[in-house]
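Biologist: I would like to learn how to read the features of a model like this one. Please give the general idea each time, then the case at hand.

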Amino acid sequence: MIDTLRKIVLAVSEADDLEQALSLIVHEVRRAMVTDVCTVYLTDRASGRLVFRANEGLNPGKIGEFSLGRDEGLVGWVAARGEMLNLDDASAHPSFQLVPGLGEENFTSFMGAPIIHQRDLLGVLVVQQAESRRFSDDEEAFLITISAQLAGIIAHAEASGLADLTEDSPGGIRRIVGVAGSPGIGIGEGVFVSPTADLAAVPSRRAENRKAELRAFRAALARVRDDIEIVSDNLREELSPEDHALFGVYLNILDDSTLGGEVASLIKSGEWAQGALSQVLLKHIRHFERMDHSYLRERAVDVRDLGTRVLTYLQDDAQSRRDWPDNTILVAEEITASALGEVPRENLVGVVSLRGSGNSHAAIVARGMGVPAVMGAADLPYNRLESKTLVIDGDNGRVYINPPQDALARFQRLRDDDLALTRELVVLRDEPSQTVDGHSVPLWVNTGLAADLPTALECGAEGVGLYRTEVAFLLRDKFPSEEEQRQMYREQLEAFAPMPVTMRSLDIGGDKSLPYFPIEEDNPFLGWRGVRVTLDHPEIFLAQIRAMLKANEGLGNLRILLPMISSVDEVEESLALIRRCHDEVLAEGYSETFPPVGAMIEVPSAVWLTAAMARRLDFLSVGSNDLTQYLLAVDRTNPRVADMYHGLHPAVLGALAKICRDASAASCPVSICGELAGDPRVTPLLLAMGFDQLSMNAGSLPRVKKVVQSIAVDDAADALAKLPQLNSVQEVVVMLDDLIRRRGLERYIRSSQGRPE
Ligand code: PEP
Ligand code: MG
């Protein structure tokens with residue numbers, strides 16, 4: 001079973017188009033199950049009919065020609081019910097229908113399994129046999145397993161790699177569905193950045209200068225040879241002569257007479273060096289992997305290892321001479337904060353990540369930078385995007401490949417309207433954030449990158465509610481020293497003084513892993529994260545707090561915020577360390593006063609400890625991003641469950657209201673700095689709950705201010721009063737949209753209206 005699946009996955013990954021992939025699938029399934037017939041029917045998106053798309057054993061002339069409705073025949077029965085059907089005599093079933101010319105009359109037994117991907121019926125997989133017999137339980141289990149696996153393969157093949165990207169697809173525009181990451185529309189050229197040294201992720205590209213590519217390849221090869229020879233020499237004494245001879249074999253693989261020569265000739269025919277290396281090596285790796293003999297199969301590992309070494313040198317070389325197009329849309333399997341930092345800001349118009357979701361930290365950094373982003377676009381044919389025009393819709397999580405001219409023009413108009421609205425709202429910058437009846441709601445800003453500073457300063461924020469210190473740590477190759485940190489923090493504090501700046505102590509773990517301090521865990525969001533790490537490593541925490549305190553000298557606008565607090569003990573331990581730092585800094589001659597210290601409420605246990613925290617601390621700040629993931633048990637970075645991740649879930653809103661009540665009873669100020677604070681639709685509710693500040697990305701602030709200025713406290717109180725009666729996200733959205741409409745504020749809420757389909 002596993003072997004058959006492995007072969008199918010390999011074969012499909014090599015297929016040039018969907019038809020070829022499906023033919024390989026029916027061939028392998030028929031062979032593995034030893035049946036007379038195997039067929040794949042696929043749902044046609046436009047008509048909803050089940051099309052006879054691939055077959056072995058029946059009339060091949062009917063492929064692509066013949067189709068069935070959802071209620072027609074046995075295949076329709078399987079599709080309509082989404083259930084498997086196993087019959088020893090197909091013709092005896094009431095739904096049986098003989099299709100003339102298909103050649104089914106010779107086959108008596110029938111077994112069909114639905115192919116379902118994320119609740120969507122993609123098609124039906126059928127096997128048939130001449131002999132009359134019920135397929136065994138084992139065979140049923142096999143077909144179900146294969147069809148469940150095929151669902152993912154077919155969904156991916158349909159949506160991406162195997163469709164022709166050079167032409168508009170007949171059904172309309174080529175669109176890939178992902179998850180909204182950072183709002184706005186980006187139009188530009190896709191540039192794929194491969195994860196370092198992954199042969200499978202190298203795109204095919206025309207060589208601009210064949211001779212230079214060939215030289216680069218030979219140079220990389222020579223460096224790998226040198227490396228291997230050094231290892232070989234070092235091990236000469238320790239290995240038997242036979243084992244040692246393996247190094248000779250290893251070196252030969254790269255010879256001109258073997259793989260090296262093949263790569264060179266592909267480069268000479270016009271492919272760039274990385275592409276040629278990847279194509280030749282992957283072909284040989286697959287060849288070895290398909291072999292039944294385990295010794296030979298293992299050789300695939302050697303070839304992959306060698307290829308990866310050569311690729312590393314080629315990529316090092318290419319990275320140092322990279323030219324970014326003016327309108328770069330950065331595409332990566334997993335966008336990291338450091339990848340975002342590599343592209344000059346003026347060249348970057350959009351970001352697409354195959355993994356992650358809108359609440360991954362890369363998306364948050366993109367929002368901070370004001371760059372549209374789509375996350376979780378798993379079906380994007382990333383290695384075939386080179387020099388294609390991409391449009392990304394960061395509000396709705398869609399990527400469009402080579403859209404036709406009229407659609408492109410519509411996207412350009414939407415982008416321009418968006419920019420015009422942003423410009424229009426600039427006038428609000430110096431206006432107070434006050435409701436029509438005079439209630440003030442201070443709007444603060446979230447920062448993290450040095451590049452954020454100008455936008456953060458210009459948006460009219462009254463303070464910084466969250467400075468994510470870890471972003472600067474993520475962009476380095478080692479921990480910054482205390483003095484380096486002091487300088488960074490000083491820059492932030494000075495830029496905003498006398499406005500308050502809330503600096504969060506290092507919040508790593510989860511999806512934020514430092515390259516020089518890797519944390520490998522099965523459940524990183526439930527593991528060693530935030531304050532848990534820094535309390536276990538007081539030397540890191542102490543250096544950071546001392547740097548903050550020193551940076552605050554003479555300014556006095558620092559506030560310290562503790563992330564991932566889940567117990568009162570953690571608060572007390574942290575406070576003790578902060579007091580110790582304060583004493584040390586005073587002893588060094590600084591005149592620093594003790595700053596306000598607060599904790600993030602972002603873990604369910606902290607919600608229940610709000611009152612206890614409030615008694616010990618100067619302020620609290622709700623991290624709605626994490627609170628949502630922990631309350632709803634939905635990983636914030638997993639695109640598969642992104643639909644279930646919702647800050648407007650009644651349980652999340654109930655928790656926010658409780659935090660505000662408990663904090664207010666203890667007279668402790670409470671703010672919110674998760675992404676929810678930047679959603680203008682939610683502003684009335686947050687205001688009514690009694691948050692003392694809302695802290696958000698600079699890009700969201702003007703829209704939120706517009707909403708604050710357009711509503712009355714009574715509107716907000718009304719919305720909050722309705723909350724206990726609402727049981728779903730949908731009901732909450734309807735209620736909030738209604739308020740937004742009544743106040744004529746639809747323009748300021750980002751939506752999917754006007755997008756070409
Ligand atoms: C949060 O969890 O809401 C938050 C603001 O912190 P981060 O997104 O950095 O985890
Ligand atoms: Mg958090």
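Modeller: Start with burial. Buried means under 20% relative accessible area, exposed means over 50%, and partly exposed lies in between, with a 1.4 Å probe and protein chains only. Of the 757 residues in the protein chain, 54% are buried. This is a predicted model, in which local features need pLDDT of at least 70, side-chain atom pairs count only at pLDDT 80 or more, and totals for chains, interfaces and linings use all residues. Residues are numbered from 1 along each chain as its sequence is written, chains are lettered from A and ligands numbered from 1 in the order in which they are written, and side-chain values use heavy atoms, with hydrogens and water left out.

Biologist: How many helices and strands are there in the protein chain?

Modeller: Helices (H or I, at least four residues) and strands (E, at least two) are DSSP runs, numbered from the N terminus. The protein chain has 26 helices and 22 strands. Its radius of gyration is 30 Å, close to the 27 Å that the globule rule gives for 757 residues, so the chain is as compact as a globular protein of that length. That radius is taken over C-alpha atoms, and the rule is 2.2 Å times the number of residues to the power 0.38. The C-alpha trace spans about 85 × 75 × 50 Å along its principal axes.

Biologist: What share of contacts joins residues at least 24 apart, among those between residues at least 6 apart in sequence?

Modeller: Contact means heavy atoms within 4.5 Å. The share in the protein chain is 66%.

Biologist: Which residues come nearest to ligand 1?

Modeller: A residue is near a molecule if one of its heavy atoms lies within 4 Å of it. There are 17 residues around ligand 1, and Arg468, Arg504, Gly623, Asn625 and Arg636 come nearest. For polar contacts, the criterion is a pair of N or O atoms within 3.5 Å; within protein, one must be able to donate a hydrogen and the other to accept it, and residues adjacent in sequence count only if both atoms are side-chain atoms. An N or O atom in the side chain of Arg504 is 2.8 Å from an oxygen atom of ligand 1. For Arg636, a polar side-chain atom lies 2.8 Å from a ligand oxygen, and for Lys512 the distance is 3.5 Å. The protein covers 100% of the 290 Å² of accessible area that ligand 1 has on its own, by the Shrake-Rupley method with a 1.4 Å probe.

Biologist: Which element gives the most to the shell around ligand 1?

Modeller: Helix α21 does, with three residues. α11 (361–369), β16 (464–468) and α21 (624–632) each supply at least two.

Biologist: What does the side chain of Gln709 make a polar contact with?

Modeller: Gln709 lies in helix α24 (residues 701–710), and its side chain makes a polar contact with that of Glu431 at 3.1 Å. A polar atom of the Gln709 side chain also lies 3.0 Å from the backbone oxygen of Pro432.

Biologist: What about backbone geometry?

Modeller: Most residues other than glycine have a negative phi, and most peptide bonds are trans. Here a cis peptide bond joins Ala497 and Pro498, with omega about 5 degrees. Pro498 is in the loop between α15 (482–496) and β17 (501–504). Ser667 has a positive phi of about 50 degrees and sits in the loop between α22 (650–665) and β21 (670–672).

Biologist: Is Ser667 buried or exposed?

Modeller: Ser667 counts as exposed, at 66% relative accessibility.
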